[in-house]
There are 2 protein chains.
Amino acid sequence: MLPSGVSYSERMRDISGSAIRAIFKVLGRPGIISFAGGNPSGDALPHEACAELSREALLRDGKRILQYGATEGYPPFLESLLSYLKESYRFPVEKPNLLPLSGSTQGVDLLCKAFTDPGDTVLVESPTFLGNMQTLRIYQQKLVPVESDEHGVMLDALENAVKRTHPKLLYIIPTFQNPTGCTLAAERREPIAKMAEKYGFLVMEDDPYRDLRYAGEPLPSIKSYDSSDHVVYMGSFSKIISPGMRVGYMVAHEEIIAKCAIGKQGSDLHTANLTQAVVDGYLRKGLLKPHIQEIIPAYRDKLNAMLAELSTFPEGVTYTRPEGGLFIFVTMPEGFNAGAAFKEAVERGVAYVPGTSFYPEGGHENTLRLNFSNSTLEQIHDGMGILRDLFASKLK
Amino acid sequence: MLPSGVSYSERMRDISGSAIRAIFKVLGRPGIISFAGGNPSGDALPHEACAELSREALLRDGKRILQYGATEGYPPFLESLLSYLKESYRFPVEKPNLLPLSGSTQGVDLLCKAFTDPGDTVLVESPTFLGNMQTLRIYQQKLVPVESDEHGVMLDALENAVKRTHPKLLYIIPTFQNPTGCTLAAERREPIAKMAEKYGFLVMEDDPYRDLRYAGEPLPSIKSYDSSDHVVYMGSFSKIISPGMRVGYMVAHEEIIAKCAIGKQGSDLHTANLTQAVVDGYLRKGLLKPHIQEIIPAYRDKLNAMLAELSTFPEGVTYTRPEGGLFIFVTMPEGFNAGAAFKEAVERGVAYVPGTSFYPEGGHENTLRLNFSNSTLEQIHDGMGILRDLFASKLK
């Protein structure tokens, strides 16, 4: 019970926490095979390199790293981030277009803070990442789902929704989407940038999985078609170096960056200099590309192993076939309830996330999200076997 | 100019950034003597110890540190934080009462998010820390100043303000306050906790300077008199280990913690595990107490040196005589304008912060804040000499 006379704000009264984070808490049980999280593989976390990099950085520049830093970022990190972006991305970017973030979710928080009022509309893919739906809901945004297929949001549905709802923001994960693993088709990208310009809304292009591509060719970002500064690109080192360091970044028009920096002053003041310095060292020493090349084969094997297991699931079970990222999205036959089956699955030693949590409008009880990156091939074999048997018994 | 069709939120439209952070930017000039910041001394930042601690932590527990962590904190840090609090503080505390923060300002952000609606009232000392005033303003709070003297907020004024405005929150810095350096008198502490219970508001007790005491005896926190869970205690390692690591914490009733954790999920998800691990190592190895004992004599000398300089300032200049912390607050004779003199002071090579920025109601143009911790004794001598001459010339 809250202390006497104290009550929750209107914005938080009905917000009860991310379903995934609640699931995490029950997963402490040893031996459970978890396809539930969105965690990179432990094998892919370069802790020895980071140990040396953090030590080196603190010995070399420790007085600056331990002192208050600029909200706009630790200067060496800004330099190496800029080089990385210029080399890897096709959009123009300079330092005033950059803001380091404490994870890319903070970008959603800051953009909502700076550019939305309660009751405004945000368009989202359906399904979409539930963590950021929660952030949008805390800002009392109306979430309007836009129909998506295996190639991402459908342009007609998007334009209809824009005309109908006059959104402030579109939130979109273009590459190896969470939860579907699908990638926005190349030919849908430029039209989204142009629509944002035409109708005057901001696109939050959240692209943390981009570098985890196991097949096919990289596509240009929506931001690369943005000639009118309506696209805010959010990247992250969470999936390719470490999520626990909480280092992401935002690329946007400098006035957008400046206002978001003011919002960030009022929250964490700046992202820890030490974690920025470790990522800086990683980029500066050229460790990132070889690291990504090193981790991709194992991730590819896991994805393929899980897809192979899914091909033996009962008829009527469909699933996405991602070219990268961390997730596969499964659609069971109508009538199957993934939430109800979840408890039983956990009893048998396997966890996943029921898909309904990812739909802003709810429903879709017959869907679920599987993460393959954080399990071994053996766990994938065993865990998927358990799910196959359980699901088959439910479909009888 | 913002992209076409895009506009700022109501909450951020008139927020233009902290005056201090803007001053920081002009202080890049080499050779300037800055009494403007709130920075610990570079000498007091233990970068070599942190270099070893970060390396050790990553080699020992790197897979967990680099992986996603719990919003509720890195488990070893929670343990050592709990021991530290139990040893040093007189209030009861267990793990569900703790939330690690990315700096204690984040606590203000999360409490506003969870417990205030736009238009609510927050009582603040007058003057008070301008960074957190900005955070409160972003949440569209009405800031009502409560008259304070050299012993902190005046109880009659506080109770009158409470009865008149029905506040949701009281924001108070009880020890070596920013900007005044004053400490809330012992006999005013329990009545504040009781008032919060009686009238049903939360006290945000922001206590980052507590361990920097150079004279006198430590006082019990307001939280130690809190038998009804109306006090939220916010601490920080910024002033005693490193501000650049952004590690603070909140102590509160577990329902308050749980709701703030949900708010934190939507912002930075969790404070970086690596910085929590470094602070954990610092606490666990017993380095904090000797470190504080080591840095205090130099800080005391700097405080005393600045006070000695102030005693030679023209008649009619008054100033606080803190027993610790980082700041002295100066009141010049009526008619003096510290903002107008600032530009000239910078031209002569010395910076401070005009006091008006710290008053929620504005005015008080004849006041200024001086920081002594981040200058050498020589810089204090030279810089204060320059200010004395400049100010004397203005008072003629």
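1. **Ground rules.** This is a predicted model, where local features need pLDDT of at least 70, side-chain atom pairs count only at pLDDT 80 or more, and totals for chains, interfaces and linings use all residues. Residues are numbered from 1 along each chain as its sequence is written, while chains are lettered from A and ligands numbered from 1 in the order in which they are written.

2. **Where the chains meet.** In chain B, 74 residues are in contact with 74 residues of chain A. Contact means that C-beta atoms, placed from the backbone, lie within 7 Å. On the chain B side, the elements giving two or more residues include α1 (10–13), α5 (105–115) and α9 (254–265). The largest share comes from α3(B), with 12 residues. By class, the chain B side has 27 nonpolar, 33 polar and 14 charged residues. Here Ala, Val, Leu, Ile, Met, Phe, Trp, Tyr, Cys and Pro are nonpolar; Asp, Glu, Lys and Arg are charged; the others, Gly among them, are polar. Helices (H or I, at least four residues) and strands (E, at least two) are DSSP runs, numbered from the N terminus.

3. **A helix with a buried face.** Helix α8 of chain B spans residues 189–199. Its buried residues are B:Arg189, B:Ile192, B:Ala193, B:Ala196 and B:Glu197. They fall within an arc of 140 degrees seen down the axis, so they line one face of α8(B). The arc is taken from the directions from the helix axis to the C-beta atoms. Buried means 20 or more other C-beta atoms within 10 Å of a residue's own; exposed means 12 or fewer; partly exposed is in between; C-beta atoms are placed from the backbone. The buried residues of α8(B) pack against β6 (169–172), β7 (202–206) and β8 (231–236) of chain B. Just after α8(B), B:Gly200 has a positive phi of about 75 degrees.

4. **A helix pair.** In chain B, α12 (residues 338–347) packs on α13 (residues 377–395) at about 140 degrees, with the axes 11 Å apart. Axes are lines fitted to C-alpha atoms, for helices over the stretch in contact, and angles run from 0 to 180 degrees between N-to-C directions. B:Ala341, B:Glu344 and B:Ala345 of α12(B) meet B:Leu387, B:Leu390, B:Phe391 and B:Lys394 of α13(B). This contact has five nonpolar, no polar and two charged residues.

5. **One lysine.** A:Lys163 sits in helix α6 (residues 155–165) of chain A. Is A:Lys163 buried or exposed? A:Lys163 is exposed, because 9 other C-beta atoms lie within 10 Å. A:Lys163 and A:Tyr199 are 36 residues apart in sequence and 8.1 Å apart in space, C-alpha to C-alpha.

Technical notes
Contact = placed C-beta atoms within 7 Å.
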